[in-house]
Amino acid sequence: MATVLQVTDFSVDYRTSRGEVRALDSVNLKVEEKEFIALVGESGCGKTTLGLATIGLLPPKVARIRGGIISYKGTDLTKLSPNAARKYRGSEIAMIFQEPLTSLNPLKRIGEQIGEAIVLRHQKEDPKGNEKIPRIPGRTWKLPPHVREQAERMLALVRIPDPDHIINRYPFELSGGMRQRAMIAMALSQQPELLIADEPTTALDVTTQAQVLKLMKEIKDKLGTTIMLVTHDLAVASQVADRVVVMYAGQIVEDAEVHALFSSPKHPYTQGLLSCIPTGNREGKQLTPIKGTIPDLTVRRDWCRFHPRCPAAMDVCARKEPLLKELEKDHRVACFLYGE
Amino acid sequence: MANEILRTVDLRKHFKSTRGMNPLARAKERVIRAVDGVSISIASGQTLAVVGESGCGKTTLARTLALLTPLTSGEIYFDGQRIDDGKAGDKEVYRKLQMVFQDPDSSLDPMMKVGDIVAEPLRGLTAMKGVEVRNAALESLIAVGLSGDFVERFPDQLSGGQKQRVAIARAISTRPRLLILDEPTSALDASVQAQILNLLVELQRKFSLSYMLITHNIAVAAYLSDAMAVMYAGNVVEYGPTSEVLRKPRHPYTVALMKSAPTPDPWNRTLLQIEIAGEVPSAIDPPSGCKFNPRCPFAEAICTIDVPELSKIAEGHTAACHFLQKTA
């Protein structure tokens with residue numbers, strides 16, 4: 001299997017009024033082709049930052065890449081000029097976001113927005129051709145027939161019923177689930193190799209969430225798209241991902257094949273997260289919450305970030321920082337419980 | 001029933017919608033049937049979970065029960081007394097029936113100190129004065145696991161979990177009998193959610209509280225509740241003891257809801273087996289007959305004509321479907 005994405009010692013700082021926040025700290029991650037990987041963690045753990053950094057959309061004035069490499073098929077994305085980065089964004093790596101209503105243009109019909117992405121792809125494939133969407137100012141828009149046909153095909157691919165009709169709708173006329181499907185259709189219409197989905201179903205109802213996640217899984221199987229799902233919900237990750245990466249306070253603490261992670265979670269934080277998920281009834285057992293809260297990330301730390309909350313903390317945890325190391329095949333963990 | 005804390009009979013709450021720019025459309029008054037004939041009861045000291053997706057009417061039901069919005073028709077009995085006709089004093093009802101809202105950021109006044117927030121219902125609803133109020137407020141804060149130091153703080157100095165604790169402290173300060181919890185943990189991270197769930201269990205035992213839990217999270221409902229009512233588009237479609245409903249869901253919507261609820265189990269990927277399509281219908285113009293029929297895998301002609309009634313499956317377990325035998 002070829003490696004699509006390799007992140008090496010990657011660190012990002014955010015400038016805030018309280019000082020520099022270390023949002024990502026020496027992150028190492030490898031994503032293989034056609035993998036469905038889930039980045040899981042609580043708010044502030046850096047999972048979204050990693051997604052944004054990969055597609056090159058970190059907020060420019062606030063975020064600073066402190067070091068490290070994000071290599072996409074051998075090209076270091078962090079060193080690219082804005083123009084060169086644009087060649088990758090959308091066509092190689094695409095991203096969908098939590099709230100589709102804020103990422104879709106409210107003033108453009110669905111068909112026009114998807115058409116734009118398709119035309120952009122055609123322009124990239126054939127820089128000499130001058131295909132564009134003809135517009136009559138203030139009145140209407142019309143897609144060239146072959147673009148329209150492709151847009152309809154994309155909508156059908158994401159199981160939007162009646163694409164012929166939906167293509168003329170504005171985003172506000174669609175339901176939440178339909179909007180997210182339209183976003184996915186738009187992201188896929190440039191045939192990206194890697195799709196980053198940042199909490200794509202958090203704003204949706206559970207039955208709709210199930211439909212959208214099932215769709216993403218189908219897309220991965222059908223088109224061979226590599227998917228990186230960013231979620232706060234371990235249960236969601238367990239249902240769809242091949243591999244789960246657990247993050248805490250800007251670092252990866254555990255990275256394992258999905259069955260291995262859920263049958264024998266190694267890191268105390270992963271174990272803690274799992275025991276927080278209510279299963280069964282209150283008569284059966286009490287939940288064991290993780291005590292304390294996330295550490296202040298403005299302070300630079302050279303020790304395990306989880307140790308103040310960790311039930312298994314040892315002396316060494318307060319002195320040194322554990323590194324992510326391979327415990328078994330396909331199972332990496334950063335914890336001194338498994339040797340220094 | 002003697003040990004019943006709350007009961008509703010055919011409760012309805014309809015909203016009139018006159019919004020829209022088009023004067024012709026505005027002239028035609030449209031009715032949103034947010035809650036359309038709900039009869040439920042909560043046993044004293046127990047928890048009823050009302051589960052459903054957005055727009056199913058669960059929050060409207062909660063607000064109607066808490067007398068925060070007048071009902072359209074039906075009856076509400078609380079603690080043996082009818083409360084919807086305005087004859088029972090509202091203050092007396094509010095003292096015994098309190099509500100905790102989803103988002104503490106919007107339910108706590110940012111200009112008030114925590115001590116005042118918790119004391120407010122005591123000042124408004126009880127005869128307590130001065131020191132008495134302060135002690136009672138402090139007692140509530142301690143009961144939810146916060147120390148006296150918090151009295152002088154403002155909500156923006158608290159974490160999400162602490163804010164929700166303050167909201168709970170305020171709700172229990174008047175020693176109510178029933179708490180209506182509207183999505184009490186859905187704005188919180190997983191580890192904080194577990195803390196709040198534990199707290200709710202502890203408080204229920206300590207103060208013999210009854211809960212009505214409104215949630216879309218099946219796992220949370222399963223954990224906290226004794227009985228469960230599944231709502232869809234303004235109606236209860238399945239109702240029964242929680243263990244029974246979870247083990248043998250009979251309404252096709254309940255079945256789909258259970259499958260969609262993600263469980264941390266990669267060996268049993270129920271979420272990918274979901275069969276239903278589409279989304280919750282519009283409350284203004286719902287489908288005729290059974291409101292679930294356009295999404296239902298078992299729907300037949302009768303489902304578009306006849307509204308199914310809740311019918312008995314087992315003791316205390318009912319579901320509203322024409323083809324219950326298909327899910328048996």
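Student: How many bridges pair strand 12 with strand 14 of chain A?
Tutor: Strand 12 of chain A covers residues 251–257, strand 14 of chain A covers residues 331–333, and the two run antiparallel. Strands (E, at least two residues) and helices (H or I, at least four) are DSSP runs, numbered from the N terminus, and two strands pair if DSSP finds at least two bridges between them. Here the count of bridges is three.

Student: Which residue of strand 14 of chain A stands opposite Asp255(A)?
Tutor: This is a predicted model, in which local features need pLDDT of at least 70 and side-chain atom pairs count only at 80 or more, while totals for chains, interfaces and linings use all residues. Residues are numbered from 1 along each chain as its sequence is written, with chains lettered from A and ligands numbered from 1 in the order written. The residue facing Asp255(A) from strand 14 of chain A is Arg332(A).

Student: Which strands stand at the edges of the eight-stranded sheet in chain A?
Tutor: The sheet is open, with mixed pairing and the order 6-9-10-3-11-12-14-13.

Student: Which residue is the bridge partner of Leu5(A) in strand 2 of chain A?
Tutor: Strand 1 (residues 3–16) and strand 2 (residues 19–32) of chain A form a hairpin with two residues between them. They run antiparallel and are joined by ten bridges. In strand 2 of chain A, Leu5(A) is partnered by Val31(A).

Student: And which residue of strand 4 of chain A is the bridge partner of Ser11(A)?
Tutor: Strand 1 of chain A also runs antiparallel to strand 4 (residues 63–72) of chain A, through eight bridges. The partner of Ser11(A) there is Gly67(A).

Student: At roughly what angle do the axes of helix 7 and helix 8 of chain A cross?
Tutor: Helix 7 spans residues 176–188 and helix 8 spans residues 206–223 of chain A, and their axes come within 10 Å. The crossing angle is roughly 15°.

Student: Which residues of helix 8 of chain A meet helix 7 of chain A?
Tutor: Residues are in contact if their C-beta atoms, placed from the backbone, lie within 7 Å. Helix 7 of chain A brings Gly176(A), Gly177(A), Gln180(A), Arg181(A), Ile184(A) and Leu188(A). From helix 8 of chain A come Thr208(A), Gln211(A), Val212(A), Leu215(A) and Ile219(A).

Student: Which helix of chain A gives the most to the side that touches chain B?
Tutor: The contact takes 38 residues from chain A and 37 residues from chain B. Helix 8, helix 9 (234–240), helix 10 (258–263) and helix 11 (268–276) of chain A each supply at least two residues of that side. With nine residues, the top contributor is helix 8 of chain A.

Note on methods
Axes are lines fitted to C-alpha atoms, for helices over the stretch in contact, and angles run from 0 to 180 degrees between N-to-C directions. Two residues are in contact if their C-beta atoms, placed from the backbone, lie within 7 Å.
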